[in-house]
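The entries below follow the order in which I looked things up.

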Amino acid sequence: APYWKQLIFTATLLILLTIFELLPPLFQKQIVDEVIGTRDLSRLTVLIAGLVGVYALTQAINSGDLYIRHALGERFIFDLRVRVYAYLQRLSLSFFERTSTGELMSRVTNDVNALENFVTHGTSFMAVDLMRLAGTAIILFFLEWRLALLVLIPVPILAIGMRWFNTRVRSVYRRVRARLGDINARLQDNLAGMRVIQAFGREEAALEHFTAESQRYYQARVRGIRYWSSFFPVMYFIASLGSVLVLGVGAVMVVRGQLSLGSMVAFLSYVVSFY
């Protein structure tokens with residue numbers, strides 16, 4: 001709520017950014033159909049200038065969005081970190097007796113930093129991608145509704161795959177966060193008691209304990225890597241099959257005069273964006 005003005009401004013920039021990112025394939029279509037197809041160079045300068053202008057405006061808007069969104073994210077995390085610390089000061093002494101300092105440090109630093117990444121990137125990507133998805137779908141059906149229907153064939157498979165992936169990987173990365181907290185707790189305890197460890201010759205035992213915590217964190221991370229390194233290539237392959245299907249059917253339609261070459265070029269660009 002305290003950031004509503006900046007959020008409205010950022011949302012406006014994101015909407016403009018999405019609109020401008022959808023325009024270049026339409027310029028490409030005009031260049032292929034009205035310049036290359038007719039061998040008429042009279043409109044080429046105007047179309048090229050327009051395309052350059054679209055790219056320039058896109059990056060200008062992108063620059064403003066990046067600065068405002070990241071600055072807002074940093075402010076949000078700053079306020080959150082201070083509030084978390086203020087909350088910790090109100091907790092009872094018994095809480096601090098049963099909770100390690102390292103774990104609390106992990107909450108205030110690592111977990112808050114992870115949230116900062118979501119605030120500045122995750123939410124904006126989600127919003128932009130939803131708008132781009134809707135805009136691209138509309139343009140695809142406007143260019144050629146029959147090919148657009150072919151584009152939708154892999155979508156149910158992609159949706160089911162994403163649902164499966166999310167349910168599997170969520171618990172994995174919760175364990176990753178927990179294991180990172182354990183490492184910080186062990187590290188803080190060992191560093192705080194280093195003089196005692198050295199005085200009693202417990203260096204090897206301390207190293208073994210820290211190695212064990214690090215091993216559990218490593219295993220949790222590798223399990224997550226195993227999921228996404230297998231999952232996303234499969235999803236990209238399924239999406240590429242949709243593009244191949246569109247290319248094959250579209251080529252037949254171009255040869256038969258049912259679709260212009262420029263429309264085909266623009267359609268393929270939008271298909272990549274859609275998937």
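**Entry 1: H1 and H3.** I note at the outset that the model is predicted. I looked up helix H1, residues 4–21, against helix H3, residues 44–89. Their axes come within 9 Å and cross at roughly 155°. Angles over 145 degrees count as roughly antiparallel, and H1 and H3 are therefore roughly antiparallel to each other. I recorded the crossing of H1 and H3 as left-handed.

I then listed the residues in contact. On the H1 side they include Leu-7, Phe-9, Leu-13, Leu-14, Leu-17 and Phe-20. On the H3 side, Val-54, Leu-57, Ile-61, Ile-68 and Leu-72 are among them. The contact also includes Gln-6, Thr-10 and Glu-21 of H1, and Asn-62, Asp-65 and Arg-69 of H3.

**Entry 2: H5 and H10.** Next I looked up helix H5, residues 101–143, and helix H10, residues 261–274. They pack at an angle of about 155°, with their axes 10 Å apart. By the same cut-off, H5 and H10 are therefore roughly antiparallel to each other. The crossing of H5 and H10 is left-handed. H5 contributes Arg-132, Leu-133, Thr-136, Ala-137, Ile-139, Leu-140 and Leu-143 to the contact. H10 contributes Ser-263, Ala-266, Phe-267, Tyr-270, Val-271, Ser-273 and Phe-274.

**Entry 3: surface patch.** Which residues make the nonpolar surface patch? I found Phe-141, Trp-145, Leu-149 and Leu-152, with a patch area of about 380 Å². I placed Trp-145 in helix H6, residues 145–151.

Terms used
Residues numbered from 1 in each chain as written. Predicted model: local features only at pLDDT ≥ 70, side-chain atom pairs only at ≥ 80, totals over all residues. Heavy atoms only, no water. Patch = residues over 30% accessible without salt bridge, like charges linked within 9 Å, V, L, I, M, F, W, Y side chains within 5 Å. Areas by Shrake-Rupley, 256 points an atom, 1.4 Å probe, with all protein chains shown as cover. Salt bridge = Lys/Arg side-chain N within 4 Å of Asp/Glu carboxyl O. Helix = DSSP H or I, 4+ residues; strand = E, 2+ residues; numbered from the N terminus. Axes fitted to C-alpha atoms, helices over the stretch in contact; angles between N-to-C directions. Parallel < 35°, antiparallel > 145°, perpendicular 65-115°, else oblique. Left-handed = near helix turned anticlockwise from the far one by under 90°. Contact = heavy atoms within 4.5 Å.
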